[in-house]
There are 2 protein chains.
Amino acid sequence: MTPYLSLERLFGRLRSLNDAAGILGWDAQTLMPTGAAEGRAEQLATLRGLAHELLVAPTTADLLDAAEARAADLDPWQAANLGEMRRAYAHAVAVPGDLVEAESKAASAAEMAWREARARSDFAILRPHLAEMLRLARAVGEAKGAALGLAPYDALLDQYDPGLRRARIDPLFDRLRAEIPGLIRAACERQARQGELPPVSGAFPVAAQRAVGERLMGDLGFDFARGRLDTSLHPFCGGATSDVRITTRYAEGDFTRSLMGVVHETGHALYEQGRPQRWLGQPVGDARGMTLHESQSLLLEMQACRTPEFMRHLAPVLAEAFGAEAAGLDPDTLYRIYTRVAPGFIRVDADEVTYPAHILLRYDLERAMVDGDLAVADLPGAFDAGVKALLGLDVPDAARGCLQDIHWPGGAFGYFPTYTLGAVAAAQLFEAATAAEPDIRPGLARGDVAPLLGWLRANVHGKGSSQSTDEILTEATGRPLGLDSYLAHLNRRYLGDGAAA
Amino acid sequence: MTPYLSLERLFGRLRSLNDAAGILGWDAQTLMPTGAAEGRAEQLATLRGLAHELLVAPTTADLLDAAEARAADLDPWQAANLGEMRRAYAHAVAVPGDLVEAESKAASAAEMAWREARARSDFAILRPHLAEMLRLARAVGEAKGAALGLAPYDALLDQYDPGLRRARIDPLFDRLRAEIPGLIRAACERQARQGELPPVSGAFPVAAQRAVGERLMGDLGFDFARGRLDTSLHPFCGGATSDVRITTRYAEGDFTRSLMGVVHETGHALYEQGRPQRWLGQPVGDARGMTLHESQSLLLEMQACRTPEFMRHLAPVLAEAFGAEAAGLDPDTLYRIYTRVAPGFIRVDADEVTYPAHILLRYDLERAMVDGDLAVADLPGAFDAGVKALLGLDVPDAARGCLQDIHWPGGAFGYFPTYTLGAVAAAQLFEAATAAEPDIRPGLARGDVAPLLGWLRANVHGKGSSQSTDEILTEATGRPLGLDSYLAHLNRRYLGDGAAA
């Protein structure tokens, strides 16, 4: 067996371990009984620890060196795969195995504490756990930064989005920081001029909402032979290779969020299901990173489905599912409902215009924490001050403030910026897609996503990790990531005449 | 760290891997989308392969030797734990890792083929897979037999029930082979004299059946903080330490099987949940073996719950859940329904009197296959001939013949006898329990299982693997496993006056 093929075998085993952890993680958020949490944490820590041990075994470095010495024998995909293997190895070997297992276990404990802290709106319950997670994240950032020649925060960013750097984010976010508050104000004023929109209310049984969700997932191209829809407190897309599991949560009185949550997670799932089949199970077959991943969920949700076109498909589906309860939900009304702008406390409930404000705040705070400029004890105050400054709101309690997100308790420092970068990429990609494929918008009105999905398969999903994020964007749209399409989209939809969406 | 404590750490990791596989296996049978089967097989093979590698690492033998040299320092539970570690190591090291991983993958493929073969009642679909599984099982049996000084079939038995040997089974099964056909005949004749029993039929919604099942699980002492009830094609008890998941299957027109299936699996689950808490995660904390495991499900189902006493608790529960549909289901009628005897094709649907015939047949056939005396190609004919001889029935198709069970396709040769040995042990244990605790039977009529569960916790569950099966039985009942209680029970219930159950 050549060194390269030995590496493929190793990374195949790592993928199986990672997939196993993916299903166990899904289960923990959907079905697991409460008393199983401690054991599950042990299981996940063991799987992650073993994967780390396998990856950093001395033989791996030898195999990488030997395979790289014979790189001329490899085809371009194999060469890209080898590059991704080296990347994974460099990340892993920088961190001692004890730290990996400690972080996994501490994260499980911190996530449990977070649930209780949020339920009781008591930051003190989380504080020691969060301090420990920050300590571990800083240790990881420093270790990886030293090995990769990066600042600690850049090293953390690189875990979620290979190649992403603070220097790339700052100019984009600086411009958003300047433009978003004015945009929010203007959008709210325009909306006020259009008059009140009655709240959606009625009896929308969970089973019927679930059926509509599954119907739309099918319409949007989700393959149920390789995935599922379930329920969890926090919607997510998880599972394993060839077993992509998305979740949503239901409120009997309002179907709108559960439904658009399903659409959002379906966007993630389509990326997962559309990765290059030949390379599933190898690093080069993975989704490129969280910016492109989020771009796929937001492209589907914000660009394709929160549109007048898609509402024409949705309205009769709702009428059939909910009968009289859906009366009055004509396409125009649905479009207004689904493009409402209102500053609020909760990131995951935020509309498209206020959402970046939530991210700008978290980006500032997590950088400051990782840099040692903000202590965990001072987080609630800093968080509340940021919400006041960016959204003009007074945070009433910690549950609606710095306790609302699981990311930091879970150890995910460096993840938040990819949400807004994803929104930016989504606008850029959709603009290019609709320019290249004139049938995409008419297709959405028919509930036919094939023209859009075909373009995404060819230009994003099918590329796996064979190119960088900016290379993929440049080939697909003619330029690297930039704000023009995104700001044009927001201005058109929220400040324009409303017709063009 | 002492050698013994290093071993505890190693076996803790192995338990986590095993628990992870347990949840993944549960998921595969309950929720997994069809297209995920291949990946799941890889995941399970990887977990099992890694667990094997960890266990047979050269350091393990050194640690075992060193710990055994200092065994005088250990308390009795630690000493028993060390003995179980040695046992696990001896089993594992006898088999090369390639064979372990090959068996896991082949079993996944064979189980998939079995599903199709059974659905189409076509043995040819399964045949090559079953031949491969037999080949692998024989290779395992020979390798372990050589290492442990056992015949191959004894080595396979020992995997499921430590210490179980063919020489222990044969005299018991020979007597059953002599007695069971007469018992079946006599029971059927007596039943015919009692007159026809109308079939249970009605509309019993799955949700209501499920609610009754969960209600009874709670009554019987199941801890829902450490387990779940779900649905699968084949009922089973699986999951992980502190996460015991049982399943049943539902038919809208007949609640009786799903419900007693829940009771049966609850018996398994109570054993799992009642293991010694201090030793969970270590080998000595495990259930002792499949004979005692099956004894716990059958003790609950056959000895405790298929009784006039329990029917007095069940009847009002059914009336509340099913309303008018449960009319006529008074305790006496329920008892007659739940003690009907009728030779049939399907083992899992068999009543208590005909069940041993199914096991005697499978025991004969699997021994012959492992010994090389029966080729896989000849299995259908031999199976059908055995059904004719033992039950007097002509097998109409392979689905109702040798394709009905997953055990052999899954590689489980040497497992079947534990079902009937479990039934035998159940009768012996229940007789001792009711003699020691006079409130057990009256408790069942009140739906109060505490007196029974207390006795089982003290005499079986809480002992884990600290003693052998016969030691546990002898301490609990005054004698090792024997047929007297079992045959007395069958004669009393099926040939007696019916009042004593």
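At which residue does UniProt place the feature "active site"? The unreviewed UniProt entry assigns this feature to A:Glu265; positions from UniProt follow the numbering used here, feature names are shortened, and annotations may be inferred rather than shown by experiment. The structure is a predicted model, in which local features need pLDDT of at least 70 and side-chain atom pairs count only at pLDDT 80 or more, whereas totals for chains, interfaces and linings use all residues. Residues are numbered from 1 along each chain as its sequence is written, chains are lettered from A and ligands numbered from 1 in the order in which they are written, and side-chain values use heavy atoms, with hydrogens and water left out.

A:Glu265 belongs to helix α10 of chain A, which comprises residues 256-273; helices (H or I, at least four residues) and strands (E, at least two) are DSSP runs, numbered from the N terminus. With a relative accessibility of 7%, A:Glu265 counts as buried (buried means under 20% relative accessible area, exposed over 50%, and partly exposed in between, with a 1.4 Å probe and protein chains only). Apart from neighbours within four places in sequence, A:Glu265 is in contact (heavy atoms within 4.5 Å) with A:Pro235, A:Phe236, A:Cys237, A:Ile246 and A:Thr247. A polar atom of the A:Glu265 side chain lies 3.2 Å from the backbone nitrogen of A:Cys237.

Across all chains, the search finds 0 disulfides, a disulfide being a pair of cysteine sulfur atoms within 2.5 Å. A:Cys305 is accordingly in no disulfide, and the nearest cysteine sulfur, that of A:Cys237, is 16 Å away. A:Cys305 is buried, at 0% relative accessible area, whereas B:Cys188 is partly exposed, at 25%.

A:Tyr355 lies in helix α14 (residues 355-371) and A:Tyr419 in helix α16 (residues 417-436), so the pair ties together parts 64 residues apart in sequence. Both residues are part of one aromatic cluster, formed by A:Tyr160, A:Tyr355, A:Trp408, A:Phe413, A:Tyr415, A:Phe416 and A:Tyr419.

A:Asp405 occupies the loop between α15 (379-391) and α16 of chain A and is buried, at 9% relative accessible area. Not counting residues up to four places away in sequence, A:Asp405 touches A:Trp114, A:Arg347, A:Arg362 and A:Phe416. With A:Arg347, the A:Asp405 side chain makes a side-chain polar contact of 2.9 Å; a polar contact is a pair of N or O atoms within 3.5 Å, where within protein one must be able to donate a hydrogen and the other to accept it, and residues adjacent in sequence count only if both atoms are side-chain atoms.

Conventions: Rings of Phe, Tyr and Trp (its six-membered ring) pair if their centres lie within 6.5 Å; planes under 30 degrees apart count as stacked, over 60 as edge-to-face and the rest as tilted.
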